[in-house]
Amino acid sequence: MKKLIVSGDSCTDLTFESPVHPTWDYSWPKWPEHLAKHLGMELVCLGKGGQGNQFIYSTLLDEITKTKKDTIGLVIAAWSQSHRKDWELGHVPGPRVNYEVGLKQLWRSKRVDEDGDILHWVTKSLRTYLSFQILCERYNLPYYHFQMGDLFENYMKVLGPTETDRLLGQPVDESFKYTGDLERDKIRVIHK
């Protein structure tokens, strides 16, 4: 059976749980599970809530490089928001990482990258998307990728409070407030 390898953020996370609603049942099948069943493929789902595009690309790269290429049926990247920042901590143990256990220990993220600006974040994301395409084409792997959520629009509209912020009655973090020229920067991003 061929493998369907996917990565993304909370929309792709098979183990998603809401910190605001810990008693709610999120055990329904997520889109990767439906797709794997429809395609008759073994699912390798690397998605994790709150993560950004660096995580998505890196987990796919790691999984592709350690998997026999003739066992891969399809690779999918469900890209996240460009302004997220994520990074890996520590040493990856052994030749194969158990992402189900290791993610919480190895990857960290921030809602907004404090370095750069909207044009930098979008450019960095587009380079990551192109690198994903080149990787899959290098190994002649079928692939598909798409923008799961807004690439930059939410940041430009001022990010609202998270679910946890709402639960705790926290105000909107003004450090996330977009201070650029909205119309000019939309044009710059689109023409990038």
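**Helices, cores and loops**

Student: Which way does helix 4 cross helix 7, left-handed or right-handed?
Tutor: Helix 4 passes helix 7 in a right-handed crossing. In a right-handed crossing the near helix is turned clockwise from the far one by less than a right angle, and anticlockwise makes it left-handed. Helices here are DSSP runs of H or I with at least four residues, strands are E runs of at least two, and both are numbered from the N terminus.

Student: Before I go on, what am I looking at?
Tutor: A predicted model, where local features need pLDDT of at least 70 and side-chain atom pairs count only at pLDDT 80 or more, while totals for chains, interfaces and linings use all residues. Residues are numbered from 1 along each chain as its sequence is written, and side-chain values use heavy atoms, leaving out hydrogens and water.

Student: OK, what's the angle between helix 4 and helix 7?
Tutor: About 20°, with the axes 10 Å apart. Axes are lines fitted to C-alpha atoms, for helices over the stretch in contact, and angles run from 0 to 180 degrees between N-to-C directions. That makes helix 4 roughly parallel to helix 7. The cut-offs are under 35 degrees for roughly parallel, over 145 for roughly antiparallel, 65 to 115 for roughly perpendicular, and oblique for the rest.

Student: And which residues make the contact?
Tutor: I118, L119 and V122 from helix 4, with D185, R188 and V189 from helix 7. Contact means heavy atoms within 4.5 Å.

Student: What about helix 2 and helix 4, what's their angle?
Tutor: Those two pack at about 15°, with axes 10 Å apart. So helix 2 is roughly parallel to helix 4. Helix 2 passes helix 4 in a left-handed crossing. Among the residues in the contact are L60 and I64 of helix 2, and F132 and L135 of helix 4.

Student: How many nonpolar, polar and charged residues does that contact have?
Tutor: Eight nonpolar, four polar and no charged residues. Ala, Val, Leu, Ile, Met, Phe, Trp, Tyr, Cys and Pro count as nonpolar, Asp, Glu, Lys and Arg as charged, and the others, Gly among them, as polar.

Student: New topic: how many residues has the largest nonpolar core?
Tutor: It has 28, and L60, V75, W79, I118 and F132 have the most contacts inside it. A nonpolar core is a set of buried Ala, Val, Leu, Ile, Met, Phe, Trp, Tyr and Cys residues joined through side-chain atoms within 4.5 Å. Buried means under 20% relative accessible area, exposed over 50%, and partly exposed in between (1.4 Å probe, protein chains only).

Student: Which helix gives the most to this core?
Tutor: Helix 4, with eight residues.

Student: What does L60 touch?
Tutor: Leaving aside residues up to four places away in sequence, L60 touches I5, V6, S7, L46, V75, I76, A77 and F132. Another core lies apart, with seven residues, including V6 and I76.

Student: Now the loops. Where's N140?
Tutor: N140 lies in the loop between helix 4 and strand 6 (143–147). Its phi is near 55°, a positive value in a residue other than glycine.

Student: Is N140 buried or exposed?
Tutor: N140 is exposed, with a relative accessible area of 68%.

Student: And where does G116 lie?
Tutor: G116 is in the loop between strand 5 (107–110) and helix 4. At 55% relative accessibility, G116 is exposed.
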